[in-house]
Amino acid sequence: MTENQTRCGFVALIGAPNAGKSTITNNFVGSKVSIVSPKVQTTRTQVKGIGIYNNTQIIFLDTPGIFKPKRRLDKAMVNSAWDGVADADMVVLVVDAKRGFDDETRSIIAHLNKKKIEAILVLNKIDLVPKDKLLGLTHNLNLEGNFKETFFISAETGQNTEVLYNYIADNLPESPWYYPEDQISDMPLKMLTAEIVREKLFLYLRQELPYELTVEPELWERKEDGSIRAEITIYVARDSQKVIILGKNGQMIKRIGQSARKEIENLLEERVHLFLFVKVRENWQEDAERYSLWGLKLV
C-alpha cells in the first residue's frame, strides 16, 4: 500500500455480556459512544465507534453481549450481535480474562467454528489476572477455537490496546474512508442522550429494573440562545416500577437527570436542558415499534 492509500472496514466486537466491548470502543474513539455499566447486557443494539488509526478508518461494531436468551428482548439483542458478525470485515472475540472460559464463551466459539469464521481473540482485563492463569486460559481458548491472532489488553487502563489497533489497521481492506474524518459515531445525538440516561438508570437503580424499561428520545431542539432542550421518556411495565424510578419526593429521578445532564454537557461541550418523564406502558417488550427505534427486530 502506498503512502496515500487508505484502508477502511467494519470490525465486529463480540463476546459474553460485560466482557468489555463497549470499553474498547470508547477507548479507541477517545469519547463515549457506547454506554458502560457494571451490570451485564447493557448494550442492546449495534453501536458504531468510528476512528482513524494511521491511514485506516476503523469502524467498531459494539454488539450486545451474546448469552442464552430467555425473553424476546434477549433474542433480539443476540440476533443483533450475530448480524454484526455477518456485516464485518473482521471479527474480534473479546473474553473477560478474570471471568475465564465460561459456558457463554464456549457457545460463541462453537458458533464461530460452525460458521467457519476465523476471528481475532482478545483477552481483556489482564490487569486483574495473574500471568500463570492467563497463559492457561489462552491455551484452552486456542485449543477450542480457530483464531488468527491473540492479544492481551486492558481496555480500562489502555494497556496494550495500541498493539491491537495497529494490527486491525494493517489488516483491513484498502478502501476510501466511509465517514468524515471527524465523525466518531453514526448514532444521532438524541439517541446518544437517551443511551446516557439509560446508563444512569443502570447505575442508580437496583436489581433487575433496568431490563424492564426502555428509554426513548421525544424531543431534541436547539433554542435561540444556542442551548439544547432534550426531552426523554422512560417507559416501564408497571406502576410500581415508576415509583422506584421517581423515588421519594422525586429525588431519584432528579439525581439521574442531574448526572446524565452533566455528562451530556461535557460530551457535547454545550449547555443542555434535560427533561425526564416516566410513563407506564404494559408489555412494551411485545411492541415492535419499541424495537425498531433501536434497530432491533422483534422475534
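**Serine 185**

I began at serine 185, which sits in the loop between helix H5 (161–171) and helix H6 (189–204). Helices here are DSSP runs of H or I with at least four residues, strands are E runs of at least two, and both are numbered from the N terminus. This is a predicted model, where local features need pLDDT of at least 70, side-chain atom pairs count only at pLDDT 80 or more, and totals for chains, interfaces and linings use all residues. Residues are numbered from 1 along each chain as its sequence is written, and side-chain values use heavy atoms, with hydrogens and water left out.

Buried or exposed? I found serine 185 buried, at a relative accessible area of 15% (buried is under 20%, exposed over 50%, partly exposed in between, with a 1.4 Å probe and protein chains only). A polar atom of its side chain lies 3.0 Å from the backbone oxygen of lysine 48.

**Strand S8**

Next I looked up strand S8 (residues 228–236): eight of its nine residues are buried, so the strand is largely enclosed by the rest of the structure.

Which strands does S8 pair with? Strand S7 (residues 213–222) pairs with S8 in the antiparallel sense over nine bridges, and strand S9 (residues 272–280) pairs with S8 in the parallel sense, over nine bridges. Pairing requires at least two DSSP bridges between the strands.

I noted arginine 222 opposite isoleucine 228 in S8, and histidine 273 in S9 as the bridge partner of arginine 229. The hairpin of S7 and S8 has five residues between the strands, and glycine 226 takes a positive phi near 90 degrees there.

Conventions. Polar contact = N/O pair within 3.5 Å; in protein donor to acceptor, adjacent residues only side chain to side chain.
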